[in-house]
Amino acid sequence: MFKGILIEKDEAGYRATLRDIDEAGLPDGDVTVRVQYSTLNYKDALAITGQSPVVRRFPMVPGIDLVGAVEESRHPGYHAGDLVVLNGWGVGEVHWGGLAEKARLKGDWLVPLPAAFTPSQAMAIGTAGYTAMLCVMALERHGVTPDQGDILVTGAGGGVGSVAVALLSKLGYRVVAVTGRMEEEPYLRQLGASEVLSRDEFSAPGKPLAKERWAGAVDVVGSHVLANVCAGTKYGGTVAACGLAGGMDLPASVAPFILRGVTLAGVDSVMCPRPRRLEAWQRLGRDLDIDKLGLIAHEIGLSEAIGLAPAILAGKLRGRVIVDIAR
Ligand code: NDP
């Protein structure tokens, strides 16, 4: 038996409980990992609360991120004792995930723990931080450079947003952070934001085209916010869209794309091919100021994870949550 969170859905309803789980239930995979830390992402909170149909197989162990030591391996790339990181690939959605003491996974999904980080720091970054890096790489692929002007980051107080602000500022961009919590302005400035704007400026329906302000943007919010960000992006600029914290819809016009050549670059971390993942983790080791992880992330025990999930969905948590599986 091992300890973990189990999500069940049956006649008795949808529920997540911390309990002892039978090892015989572990899914197929060629690597078994003794999990040390996991995280609580927005998607984990959706899974735990059942607020959106993220979990597609029951019973399910949630947790889209994990770091731990290989216990047993039939995969040629991994041996007992290796420290590995897992992000995405449907883990915590269709395959048992990281919010438990044990996980059995496909070796091809794993990334060796980058030398730059401790296991806990890797989870301070987690899927949110790795997605922020993918967004920055998307801006770079589309030719956005620091000399072109301001970069906007929405949902800046959350996990993806916080890491994006820290990364972009270290890379020399002038970062403008958007938040619904103006009381977080000192935090966002500490992360490297040069200016902090209220979400109110972006959340109402806007015009198809607005004043050209942003050379690029990282958006985690979607809906009217993303539409307004596109409308205010400069000629030839790029918006990396990765989230839906404000809604799944996109009530926009094509005007920014056809009149200003703006690019809307979609970013997905879950099925992102392995070479790009490895590149993202390597870049994080180089381009993220490790000292800022202490500001961004705080640690909780596995026993606190279920109770904290609603606060994430309510947008009340700042930065990232690391989950220590041992407590
Ligand atoms: P968090 O909950 O940590 O952060 C989301 C932030 O969005 C909040 O902190 C808040 O920031 C803002 N926000 C929350 N609710 C609303 C709202 N109703 N309207 C506008 N803004 C809101 O989540 P993550 O950073 O982990 O994830 C952000 C989004 O990105 C989620 O939608 C998530 O599903 C998605 N995501 C997508 C990935 C992919 O592969 N495409 C990978 C990882 C995440 P503030 O208070 O500062 O405004």
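User: Which side chain is joined to that of Thr39 by a polar contact of 2.8 Å, apart from Asp65?
Analyst: Asn41 is joined to Thr39 that way, side chain to side chain. The contact with the Asp65 side chain is also listed at 2.8 Å. Keep in mind that this is a predicted model.
User: Where does Thr39 sit in the fold?
Analyst: Thr39 is in strand S3, which covers residues 31-39.
User: Is Thr39 buried or exposed?
Analyst: Buried. Its relative accessible area is 0%, and the cut-off for buried is under 20%.
User: What is Thr39 in contact with, leaving aside neighbours within four places in sequence?
Analyst: Its contacts include Asp44, Leu99, Met123 and Gly126. Arg320, Val321 and Val323 are also among them.
User: New topic: S15. How do S3 and S15 run?
Analyst: They run antiparallel, joined by three bridges.
User: What do S14, helix H9 and S15 make?
Analyst: A right-handed β-α-β unit. H9 spans residues 302-313.
User: Which way do the residues of S15 point?
Analyst: Arg320, Ile322 and Asp324 point one way, while Val321 and Val323 point the other way. In a regular strand, side chains alternate between the two faces of the sheet.
User: How many of the five residues in S15 are buried?
Analyst: Five of five, so the strand counts as mostly covered.

Note on methods:
Residues are numbered from 1 along each chain as its sequence is written. This is a predicted model: local features need pLDDT of at least 70, side-chain atom pairs count only at pLDDT 80 or more; totals for chains, interfaces and linings use all residues. Side-chain values use heavy atoms; hydrogens and water are left out. Helices (H or I, at least four residues) and strands (E, at least two) are DSSP runs, numbered from the N terminus. Buried means under 20% relative accessible area, exposed over 50%, partly exposed in between (1.4 Å probe, protein chains only). A polar contact is a pair of N or O atoms within 3.5 Å; within protein, one must be able to donate a hydrogen and the other to accept it, and residues adjacent in sequence count only if both atoms are side-chain atoms. Contact means heavy atoms within 4.5 Å. Two strands pair if DSSP finds at least two bridges between them. A crossover is right-handed if, with the strands pointing away from the viewer, the path from the first strand over the helix to the second runs clockwise.
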